[in-house]
Amino acid sequence: IKGSLDVLVLSFELAENAVKSLPTDLFKAIIVDGADYMVRKEGKKAKVLAPLFESSNRLLLLIENQEALNYPLEVNKLLQLVQPKVFPDFSELTNRYCVGTLAKYEGYDFLDELDYILSTTALIQRRREEVIQELPKRIRKDMEIEIETKDLGEIQYSLSRMDNESINSVFEKTSTVNFQEEIIIPINSYSVNPIAYIKAAYKQTGLSKVSSANELIKILVKRKAKCVVYA
């Protein structure tokens with residue numbers, strides 16, 4: 001990082017890779033969007049990024065999925081980042097407020113008490129309906145993007161390998177399909193699973209829009225328009 005910065009935006013992956021090389025006094029405040037994501041499973045991301053968080057004067061964790069607060073282990077991991085003194089030992093949280101064992105917690109005790117402790121030490125809950133009036137209205141607009149003939153041909157080829165019944169059956173199962181998975185389809189193959197062709201069309205469509213999307217972003221930047229890009 002060269003020069004001075006007022007704001008630095010990093011993905012979890014970039015932050016993990018850069019954590020050892022970033023100056024310890026670089027951040028006065030850190031905002032973690034989707035903090036529940038980094039404490040899932042074994043919480044490896046939280047462990048790796050903990051030194052970075054500790055170096056900041058202020059740390060704000062934004063939780064997107066409230067279901068994360070249903071799991072004591074994940075609640076504890078978040079608390080250890082912002083207010084480790086609330087429950088210094090994990091057993092202090094589970095013995096008092098959880099029903100069951102570490103292998104499987106099946107309920108809770110003294111919920112009002114726990115809610116009071118969290119609300120007065122570390123947790124601010126604001127529901128969407130409470131803040132929606134304070135947010136600017138979203139601008140939704142359909143943008144037509146030109147796709148080169150070559151790219152369009154590849155997409156149409158992938159879709160042509162399936163009939164409507166096959167396409168509908170695939171989209172009924174999209175919750176189990178990983179569209180980001182690398183796709184390799186042999187040319188002129190007639191025995192590939194229909195899902196593979198949907199994945200190929202999905203990937204080809206995204207790649208074909210990159211150039212036009214970049215040009216649109218450049219226009220917005222020149223106009224100094226506020227925008228958020230999800231990519």
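Modeller: Let us begin with helix H3, which is mostly covered, since eight of its eleven residues are buried, where buried means under 20% relative accessible area, exposed over 50% and partly exposed in between, with a 1.4 Å probe and protein chains only. Helices (H or I, at least four residues) and strands (E, at least two) are DSSP runs, numbered from the N terminus. This is a predicted model, in which local features need pLDDT of at least 70 and side-chain atom pairs count only at pLDDT 80 or more, while totals for chains, interfaces and linings use all residues. Residues are numbered from 1 along each chain as its sequence is written, and side-chain values use heavy atoms, with hydrogens and water left out.

Biologist: Which residues in H3 are buried?

Modeller: In H3 the buried residues are Pro72, Glu74, Val75, Asn76, Lys77, Leu78, Leu79 and Leu81.

Biologist: How should I read a nonpolar core, and which residues of the largest one touch the most other members?

Modeller: In soluble globular proteins, nonpolar side chains tend to be buried together. A nonpolar core is a set of buried Ala, Val, Leu, Ile, Met, Phe, Trp, Tyr and Cys residues joined through side-chain atoms within 4.5 Å. Here the largest such core has 19 residues, of which Val32, Met38, Phe53, Leu61 and Leu81 touch the most other members. At least two residues of this core come from each of H1, S1, H2 and helix H3 (72–82), and H2 gives the most, with five residues. Apart from it lies another core, of nine residues, including Leu79, Val86, Leu93 and Leu118.

Biologist: What does valine 32 touch, not counting residues up to four places away in sequence?

Modeller: Contact means heavy atoms within 4.5 Å, and by that rule valine 32 touches Phe12, Met38, Phe53, Leu59, Leu60, Leu61 and Leu62 once residues up to four places away in sequence are not counted.

Biologist: Is serine 208 buried or exposed?

Modeller: Serine 208, which lies in helix H9 (residues 194–208), is buried because its relative accessible area is 9%. Leaving aside neighbours within four places in sequence, serine 208 is in contact with Ile147, Asp151 and Ile155.

Biologist: Where is glutamine 156 placed, and why is glutamine 156 called partly exposed?

Modeller: Glutamine 156 is in helix H7 (residues 149–160), and it is called partly exposed because its relative accessible area is 48%. The C-alpha atoms of glutamine 156 and alanine 201 are separated by 7.8 Å, although these residues are 45 residues apart along the chain.
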